[in-house]
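Please view the sequence and structure first.

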Amino acid sequence: MAVVLFAAYLAYRQMRTGNIIIGSDTIFHFNRFYETEEQIRNGNLSWFMTLYGFNQSGRVINAFYGPAFAYLNGLLLLAVGTWYRYQIITSFLVFAVGGVGMYRAVHRFKVRGSIAVLVTIIYMTIGWLPRWQSGSNFTGIGAALMPYGILVACDMFYDKEKPIHWIKLTILMTVALECHLLTALMYMAFLVPAWLYAIIKRENKRGILLNTLKAVLLTIFLTVNTLLPLYWMSKTNNLAPTATMRMLENAVHLKHTTVAFHPFRILTHNLRASLTFWLAYAFIVQVIYAIWTREESKANVVVSLYGGFWLLLASRLVEWDRITNHLPALARFIQFPSRFVCIAYPLLIVGLGLSFEHILHHKQK
């Protein structure tokens, strides 16, 4: 309940202004949703061509960007009537979905509720999750969904009888593919180590492989509306490539906090590719503490080191410009290494919760 109330508070902050927020991706995605809203309103459905948005240019947009999710947003826009109401409602939903998922992920590791709420609130105000409200960045949707991947990974680690819950895995990947293709790919990269652990450690290898195959096949069937247009258009059309970005410039960099002792402003300096020194120090101390107490909490050291690995990949410590000189496709496909914090931050937040729980447990003893 506290997490949902905090999500409502974050949406209320915008309600007080009475205005919509126009960010870096707002015009693009609002054109997409205006297109589907007008198609629904006029009963003139076109899965591929843009008939109303993008200056009625006929460009193929929604077929590549989760068409079912675009029509869902168009239906919501039609129901609420204005962009202002739409933005308030969707901002609340993104914060709430991400917050509830993060709380459940932390609580899954047997962290007490008060600590889980505290670290969840931190998660809701850093990285890409708030960028849906401030910039309409779809990676914010990915950040809201990522904690649910931790729940699936937990099953792979801890459920000895049935490590692969294929229905859960299917729902997770289907929602990701229908919302944000890059999030689905990050899910795959994130879940591979947990899946390999289950294959190596569990005896029922045949059952694991069978359940994995069922999840893959059902996911493909449920997302054929997204996958088939991508494949067909790439084979039959000369598509304009995505923009090439300077990877190093869009990697995570450290930033000084200009307003001290103001919790909300301190946290909001950690958006997208910015990471304040205080939060960087907190994550470093967290990883050191996890290693120091590794015999008492193996889960903490695993999630902290894995989260630290993804944060390293997201940072300017990696020579991204040199890498993209040899692999230029990365600059068009990934574009922003800072997107990797969508994996790093949930893991490190779980680690913080485990460390706080460990400290309080020993203090009580």
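This is a predicted model: local features need pLDDT of at least 70, side-chain atom pairs count only at pLDDT 80 or more; totals for chains, interfaces and linings use all residues.

Q: How many residues does helix α8 have, and what span does α8 reach from its first C-alpha to its last?

A: Helices are DSSP runs (H or I, at least four residues), numbered from the N terminus. The expected span of a helix is 1.5 Å times one less than its number of residues. Helix α8, residues 166-179, has 14 residues and reaches 20 Å from first to last C-alpha, close to the expected 20 Å.

Q: Which residues of α8 are buried, and what covers them?

A: Buried means under 20% relative accessible area, exposed means over 50%, and partly exposed lies in between (1.4 Å probe, protein chains only). In α8 the buried residues are Leu169, Thr170, Leu172, Met173, Thr174, Ala176, Leu177, Glu178 and Cys179. Their cover includes α3 (67-80), α7 (139-158), α9 (181-201), α10 (205-222) and α11 (224-236).

Q: How is the packing of two helices described?

A: Two packed helices are described by the angle between their axes and by the distance between the axes. Axes are lines fitted to C-alpha atoms, for helices over the stretch in contact, and angles run from 0 to 180 degrees between N-to-C directions. For α3 and helix α4 (residues 83-108), the packing angle is about 125° and the axes are 8 Å apart.

Q: What orientation do α3 and α4 have to each other, and what is the hand of their crossing?

A: Angles under 35 degrees count as roughly parallel, over 145 as roughly antiparallel, 65 to 115 as roughly perpendicular and the rest as oblique. Helices α3 and α4 are therefore oblique to each other. A crossing is left-handed if the near helix is turned anticlockwise from the far one by less than a right angle, and right-handed if clockwise. The crossing of α3 with α4 is right-handed.

Q: Which residues meet where α3 packs on α4?

A: Contact means heavy atoms within 4.5 Å. From α3, Asn73, Leu76, Leu77 and Val80 meet Trp83, Arg85, Tyr86, Ile89 and Thr90 of α4. The residues of this contact divide into six nonpolar, two polar and one charged. Here Ala, Val, Leu, Ile, Met, Phe, Trp, Tyr, Cys and Pro count as nonpolar, Asp, Glu, Lys and Arg as charged, and the others, Gly among them, as polar.

Q: At what angle do the axes of α9 and α10 cross, and which residues meet?

A: The axes of α9 and α10 cross at roughly 150° and come within 8 Å. That angle makes α9 roughly antiparallel to α10. Helix α9 passes α10 in a left-handed crossing. Trp195, Ala198, Ile199 and Ile200 of α9 meet Lys205, Ile208, Leu209 and Thr212 of α10. This contact comprises six nonpolar, one polar and one charged residue.

Q: Is Leu182 buried or exposed, and which residues is Leu182 in contact with beyond four places in sequence?

A: Leu182 lies in helix α9 and is buried, with a relative accessible area of 14%. Leaving aside neighbours within four places in sequence, Leu182 is in contact with Phe333 and Arg339. Leu182 and Leu145 are 37 residues apart in sequence, and their C-alpha atoms are 12 Å apart.

Q: What packing is found between α13 and α14?

A: Helix α13 (residues 277-292) and helix α14 (residues 298-314) pack at about 145°, with axes 8 Å apart. Helix α13 passes α14 in a left-handed crossing. Phe283, Gln286, Val287, Ala290 and Ile291 in α13 meet Asn300, Val301, Ser304, Leu305 and Leu311 in α14. The contact residues divide into seven nonpolar, three polar and no charged.

Technical notes. Residues are numbered from 1 along each chain as its sequence is written. Side-chain values use heavy atoms; hydrogens and water are left out. Helices (H or I, at least four residues) and strands (E, at least two) are DSSP runs, numbered from the N terminus.
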